[in-house]
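Please consult the sequence and the three-dimensional structure shown below before reading the notes that follow.

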Amino acid sequence: MEIIFIISFFIIAALVGLIVRQRKLIEGISVASSLVAFLGSIIVAIGVSSSGIYSPMPFFSVDALGSIMMLIIGFIGFAITVYSIQYLRKETDKGVIGLTRVKQYFVLLNLFLAAMYLAVTTSSPIFAWISIEATTLSTAFLISFYNKPSALEAAWKYLIINSVGLLLGFLGTLLYFTSVGPAGGSGFIDWHTLMANAIHLSPLTAKIAFIFVLIGYGTKAGFVPMHTWLPDAHSKAPAPISALLSGVLLNVAFVIVLKFKIITDVVAGHIFSENLLIIFALLSIVVAALIIFTQKNYKRLLAYSSIENMGVLALGFGFGGLGIFAAVLHMIYNAMIKSALFMSAGTVFLKYSSTKIAKVKGAITALPVTSVLLFAGFFAITGIPPFGTFLTKMLILSTGINIHPVVTAIVLLALIILFVGFLRHIVDMVFGKLPADIKIGEESIWLIIPPFVLLAVALFLSFYMPPFLQALINNVVSHY
Amino acid sequence: MNILILQFLLGTIFLTLVFLHLSKKNLSAAIVYGIQSAAVIVILFNSFLETHSIYLLLLVLLTLVIKIILAPLFFIRLIKKHELSFSASTYLNTPLTLIVISVLTFVAHSQKLAPLTNIIPANNTLLSLALSAIFISLFLIVNRKGALSQIIGVLSLENSIVAFVVFAGLEQSPALQAGILFNIFIWIIIATVFASMIYEHFGSHDVTSMKKLKG
Amino acid sequence: MSFTLGKISLPFIAFSFHVDLLSSFFIFIISLIALFCSVYGLGYIKHFYKKYNIGTLGFFYNLLICSLLLVVSSSNAIFFLIAWEIMSITSYFLVVYDRNDENNVKAGSLYLVMTYIGTSFIILAFLFLYKYTGSFDFATIQSKVALIPSSVKDIVFVLSLIGFGTKAGIIPLHVWLPDAHPAAPSHVSALMSGIMIKTGIYMMVRFFMDMLQPAPVWWGLTVLVIGLLSALLGVLYALTEHDIKRLLAYHSIENIGIILLGLGSAMTFYSLNMPSLALLGLMAALFHTLNHATFKSLLFLSAGSVINATHTRNMEDYGGLIKYMPQTAILFLIGSMAISALPPFNGFFSEWLTFQTLFQGIAQLHFYSQWIFIIAAGSLAFTGGLALACFVKAFGATFLARPRGAEVAHAKESALSLRIGMWSLAVLSLLFGIFSGFITGLLEKIGKSFIDLKNIPSPVSASSYQGIDTFNGFSSASAPAFLVLFLVTIVFVFFVFRYIVNRNQKIKMGETWDCGTNLTPRMEITATGFARSIVLIFKGILKPSIQHETEYHDVENRYLPKSRAVTLSIGNIYHKYFYQPMHKLVSELSMKVKNIQGGNINVYISYIFIALVIALFSVL
Amino acid sequence: MSIFIWILQFIFVPVVSPLCIGIIKKIKARLQNRKGAGIFQAYRDLWKLLHKDETISNDASWVFRYAPFIIFTVTIIVGASIPLFASFVNNNFTSDLLVVVYTLAIGTFFLALAGLDTGGAFGGFGSSREMTISALAEGGFIFSLLTIGLAAGTTNLFKLSSAVLFTHSQFFIPILLSFCGFFIVLLAETSRFPFDNPDTHLELTMVHEAMILEYSGKKLALMEWASANKLVIFFALGANIFFPFGIAGGTAVGAIVMGIVALAIKMIVFCLLIAIIESSMSKLRFFRLPDLLMVSFILSVIAIGLIH
């Protein structure tokens with residue numbers, strides 16, 4: 001029931017956003033809806049952790065991974081909604097945007113969140129596809145939010161590339177239905193039916209289907225070489241949207257791939273899918289690391305870092321075993337840390353009104369707290385203790401050393417390059433001489449609290465895992 | 001309806017795609033897309049004749065409205081508004097394009113792709129043709145520089161996938177298909193809006209003029 | 001003693017501690033030095049007030065000490081790595097603490113990068129160990145070490161040598177050290193130079209003497225060669241410096257080299273199954289670790305108070321400070337004597353042990369290993385001489401002669417807490433010297449805690465009067481005897497020549513002989529000038545570049561120069577020939593990779609298409 | 001008896017050292033066809049200096065004031081801890097060769113500091129050169145003694161002198177080689193030709209004299225005396241470590257007298273050598289000296305290689 005509640009609440013919020021003209025009301029209801037969603041997700045998650053798969057009606061079914069995703073969406077979504085309010089206000093004060101845009105923003109934001117919820121909760125692969133496509137459609141205008149030529153360019157690339165990718169994914173999805181046979185065409189087919197009928201799938205078809213799915217949804221998840229839209233979109237969208245895109249949306253798309261992976265493994269054997277994942281992971285990590293080394297734009301930098309982290313996730317699932325455990329953990333940490341980073345970057349952008357690293361100097365003086373957050377986020381994302389990412393990195397690598405020592409070594413090297421590059425840019429931004437025209441002082445407390453909370457929770461989770469989360473993760477490991 | 005007609009319809013889709021590759025006029029491209037969609041709709045209608053589900057008929061009508069009436073209309077309005085009678089150029093010249101198309105067609109027909117084309121052995125030829133249609137429409141998006149052409153490319157990719165799905169006997173329950181259709185409809189709107197915005201910002205529909213975002 | 005804290009739900013990691021004698025020895029060093037550095041810090045940080053946030057400093061400072069303790073006491077690889085990383089990060093923040101100085105930030109970045117690279121090597125080493133032993137627990141690894149194929153073991157050796165060597169600052173991985181240590185506040189520099197780099201030594205001992213045994217001979221010899229290179233080059237670079245803290249930092253490299261000489265010979269003997277000699281070498285290494293910790297932190301602290309008084313690190317602007325800060329001068333003198341291994345200070349005895357170890361190696365080995373030992377001993381001898389020269393330069397240029405800088409004139413003796421910290425260290429470095437016999441006894445216990453070193457004839461017997469006696473009478477020395485002899489004689493001599501011979505002698509003050517010109521401080525020899533001759537002798541290694549700039553009174557006749565300036569600078573060959581090319585390579589590579597993101601959407605879509613086709617045909 | 005020997009051991013070096021200087025001066029004079037002062041002139045000079053008043057630079061600190069005492073003391077200690085005429089005197093505390101080397105280094109250390117202390121231009125470059133030379137000499141010094149040490153299996157100088165290695169023929173060449181190395185070091189450390197010119201105040205050439213330029217009266221006397229002691233110490237080392245003939249092996253009076261006589265003879269030989277070198281060859285260019293010192297080091301290394 002909670003799911004319906006959540007979704008409908010979002011829809012209501014969106015409609016309110018369409019109708020009313022009081023800014024406060026719109027903001028309020030958006031926050032309320034995201035809060036409701038968060039609480040609902042927690043309830044669902046606890047339910048799932050205690051009593052297996054949660055499926056109030058045939059249309060919805062949430063397994064462990066799904067509930068983890070719900071938690072991520074809910075938590076990050078809430079934080080970002082809170083952040084967005086202050087962010088947009090600052091933009092309005094600057095005279096960059098007007099009320100209509102604010103309305104548009106919140107409408108689309110709510111739709112976006114709703115679509116993501118649908119994608120992870122629905123039991124129908126086709127409907128999952130529809131909702132993923134819906135996320136594309138709802139975010140397209142958010143990416144072109146500032147309505148500048150470059151923003152438009154980013155949005156266009158986002159739209160076209162993702163549509164192509166998703167159409168391929170759609171074909172792949174349908175190919176899985178061959179197992180059910182032409183007869184099943186009319187009936188309503190959910191993940192379990194597919195899973196059950198997986199044995200009827202011809203191995204070769206399964207492999208082809210998985211390739212289509214991996215490349216299709218992989219486009220959305222931002223694997224190299226289908227990642228090309230990602231840096232553009234992330235760098236041009238408003239900071240909170242970028243945060244949502246790379247913190248949550250990528251993971252959502254990746255989860256769909258995983259759902260198909262287990263179906264494929266039934267007939268095609270896990271080696272096949274794992275090798276594919278490892279190849280794409282390796283590509284993503286190496287390319288991202290190298291590009292980060294000479295990156296000039298800090299939002300693009302973060303975007304590439306998300307690509308790298310998706311690579312790490314894929315690597316974890318590719319290595320299997322403990323790698324999966326680590327990957328799930330990493331997914332959770334990464335979502336929070338990356339969103340926090342994007343928010344801090346947004347605050348920096350509000351202050352310096354440029355995304356060029358060269359333009360940003362002496363942030364520690366201008367934005368003391370945000371700079372600390374940036375630094376903390378940097379250490380967290382590059383896997384430095386005490387952040388849990390260090391442990392996940394270690395676990396993934398130590399699973400890898402047994403199966404693919406060479407791959408592991410290469411990844412380690414790439415991580416060094418990434419760290420060096422990332423560090424240089426962060427240091428350039430945080431330290432140095434403050435430009436004269438920048439006035440000292442944080443913009444607003446509400447721009448600091450959300451990222452701070454996210455990082456704090458990430459740090460907390462690195463030391464203590466709530467039992468229900470623990471159970472969920474173990475459940476995931478046993479399934480995927 | 002017997003196999004021949006279906007083959008003919010699929011043939012039309014295929015040929016429209018080839019034409020889309022060659023055509024220099026946006027207007028004709030829009031119209032040809034309409035024809036292509038018409039073929040798809042007839043195929044869908046055929047499956048309605050098999051199943052007699054009334055929802056399917058509704059669906060067919062909806063598709064008709066969206067793909068044959070609305071979509072071309074949007075395009076034509078777009079064209080009129082910015083008077084772009086001629087579409088932006090392609091990367092490969094006509095002969096090369098044709099060569100690539102033929103290569104793709106052979107690839108699609110090759111035995112290697114049997115697992116795809118033999119999903120329903122009876123429809124083997126149809127499926128491989130549909131597959132080649134898919135490839136060619138992908139190639140269309142790659143090859144064309146005009147924004148409008150890319151939109152049409154994506155849409156015809158969708159069309160050919162639909163055709164493939166129908167012949168592979170994988171079509172979904174009408175409800176889901178309606179959802180998909182709705183998606184497509186929204187997509188068309190957004191895409192056309194973007195296209196006109198592109199024209200306003202860049203003064204042309206040539207997407208290659210958009211290469212600010214690098215590295 | 002070993003225990004595990006709490007049960008962690010996550011796999012592999014366990015907060016398990018194992019404190020054996022070796023760990024406790026290092027814990028002792030850390031807590032000892034940390035104590036006095038903190039006492040010193042109390043007064044030292046005053047000049048940061050109202051400039052930076054003192055809380056931050058305290059936070060990171062204490063976190064650093066804590067992590068240091070964890071590093072030497074942890075017995076689980078993951079836990080160890082966490083502590084290790086925290087150590088690096090906290091020290092990084094201490095390095096960039098004085099952030100308004102551009103160079104400090106640069107130094108910090110370089111430091112963090114190098115340490116991260118080192119850590120990655122360590123991680124890889126541990127991963128290999130894990131691959132074959134299936135555990136991250138030190139004890140388990142040690143017990144299952146036989147399962148590791150020798151080739152992999154060699155790889156692990158190289159990886160860990162690079163990893164820990166980076167932290168210890170061996171040449172050529174030392175590039176971060178002379179930049180980072182000076183950048184930090186002085187009591188932190190003392191901590192870093194005195195202790196932090198020793199954690200690298202600690203882990204080397206752990207790995208090479210303890211966990212990875214038995215080891216082939218070439219490991220030990222490799223360490224030996226690295227040690228002699230670091231020692232000799234370190235002191236040579238120190239001679240070229242005129243930044244007092246950089247000079248000290250380079251001496252840390254030199255001393256790490258000396259420690260490695262001890263360790264390397266120990267490893268060699270260990271592999272050659274000469275346990276008693278191995279024990280001697282190990283004792284030498286550990287003893288020098290302790291001693292270096294004391295006198296190097298003493299030196300850094302006294303340098304710190306000099307900087308505090310003069311607000312510059314450039315020795316050319318010092319001079320004559322002995323009159324303004326007499327106590328600091330004496331402290332620095334004691335430090336200098338200790339580090340240049342002058343008896344009866346502690347530095348001498350550890351170096352003496354090291355020498356003895358090497359002599360034994362020369363006496364008992366053959367072929368190439370003997371020659372490596374000969375070269376090692378030779379380099380140690382020259383290192384000693386050069387270190388002496390270097391500290392004559394340091395002390396002379398800083399404290400003696402006339403002030404060369406304006407700041408010196410209003411320098412004051414440093415505050416009480418600073419002096420307490422320094423004096424206690426100074427006294428320690430004398431006591432460690434005098435009771436060297438006793439201490440070697442303790443060190444022997446530590447050495448014997450290693451398997452294979454148990455119940456063997458002890459190489460060193462601490463005879464009566466605290467004398468040290470190696471291999472019953474091969475050699476022997478006694479600090480107390482020396483001290484007594486020295487004191488008695490000097491008192492006697494002083495008494496005789498002061499009060500007996502010509503009691504009523506008149507002493508009158510006068511000017512220094514100036515050949516008729518009036519003597520100015522600019523005529524004194526500078527730090528650079530002092531070392532110039534040595535630098536030129538070793539120009540083959542140091543690659544100095546000398547520019548003369550002469551300004552003439554009138555351009556036509558070039559007989560009357562107005563001013564002459566000589567700039568002598570040392571090129572950093574490691575940056576030039578290794579690090580910069582690496583950096584360039586990566587940047588170019590990344591530039592190439594960037595072309596993937598060319599901005600053209602058609603190309604982007606073709607990527608998808610191509611990826612699809614390739615993937616399809618790879619499976620079909 | 002042993003008390004008597006110890007006292008002798010202590011006072012021997014300071015008592016004899018001026019005489020050596022005198023002898024060297026005398027021989028040099030003769031070689032230059034001069035009559036020259038008597039061989040006891042050095043004693044008179046010291047006596048004279050000891051009774052003169054002093055002038056101390058205003059810039060001088062306590063280092064300058066106390067350095068002479070330290071340096072002199074160092075020479076006394078070292079003199080007491082090396083074999084002079086008796087090898088049985090068993091001193092296990094300070095007579096290790098490394099202890100001796102580094103104790104001498106203390107003297108060098110303070111000498112150089114004293115040179116720097118007054119801030120004069122001469123003292124500065126004097127100590128710079130001094131440190132350069134002694135730094136490079138150290139390797140040769142240690143290794144030349146080490147050669148014998150390895151041959152005899154100990155690094156205790158008394159034991160070395162008691163071990164007569166000439167009987168073993170395989171040690172003959174190594175000992176000769178290492179002695180050559182040692183002799184070069186001797187010249188360097190005692191600031192003799194071709195390293196330094198002990199009797200000039202020409203700033204281009206002087207090293208040791210430059211450092212003590214500011215000293216006068218009593219302190220100057222101590223400095224001179226100390227350097228004379230150093231000379232004798234090196235003579236004794238060269239004589240007793242490399243050619244321990246006739247050195248007293250037992251406490252018998254005759255043996256000891258014999259030992260003293262033997263030492264005296266060997267010392268005179270050394271003086272002769274020095275004198276001849278100083279009047280026959282000229283001072284080397286400063287930057288040629290490293291080569292010479294390297295030669296001494298390499299010689300010893302070869303010697304070590306030959307022992308096995």
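The points below are grouped by topic and concern a predicted model.

**Helix α10 of chain A**
- Helix α10 of chain A spans residues 239-268, a run of 30 residues.
- From its first C-alpha to its last, α10(A) reaches 41 Å, which is close to the 44 Å expected at 1.5 Å a residue.
- At A:Leu245, α10(A) bends by about 35 degrees.
- Because 26 of its 30 residues are buried, α10(A) is largely enclosed by the rest of the structure.
- A:Gly269 follows α10(A) and has a positive phi, near 80 degrees.

**Packing of α15 against α18 in chain A**
- Helices α15 (residues 368-381) and α18 (residues 449-463) of chain A pack at an angle of about 35 degrees, and their axes are 11 Å apart.
- The crossing of α15(A) and α18(A) is left-handed.
- On the α15(A) side, the contact is made by A:Leu373, A:Ala376, A:Gly377 and A:Ala380; on the α18(A) side, by A:Pro451, A:Phe452, A:Leu455 and A:Ala458.
- Seven of these contact residues are nonpolar, one is polar and none is charged.

**Contact between chains C and A**
- In this interface, 43 residues of chain C are in contact with 48 residues of chain A.
- On the chain C side, α3 (77-95), α4 (102-133), α22 (573-594) and α23 (601-619) each supply at least two residues.
- The largest share of that side, 13 residues, comes from α4(C).
- The chain C residues that touch chain A comprise 33 nonpolar, six polar and four charged.

Conventions. Residues numbered from 1 in each chain as written. Chains lettered and ligands numbered in written order. Predicted model: local features only at pLDDT ≥ 70, side-chain atom pairs only at ≥ 80, totals over all residues. Axes fitted to C-alpha atoms, helices over the stretch in contact; angles between N-to-C directions. Helix = DSSP H or I, 4+ residues; strand = E, 2+ residues; numbered from the N terminus. Left-handed = near helix turned anticlockwise from the far one by under 90°. Contact = placed C-beta atoms within 7 Å. Nonpolar A, V, L, I, M, F, W, Y, C, P; charged D, E, K, R; others polar. Expected span 1.5 Å × (residues − 1). Bend = angle between axes of the 7 residues up to and from the residue. Buried ≥ 20, exposed ≤ 12 C-beta atoms within 10 Å, placed from the backbone.
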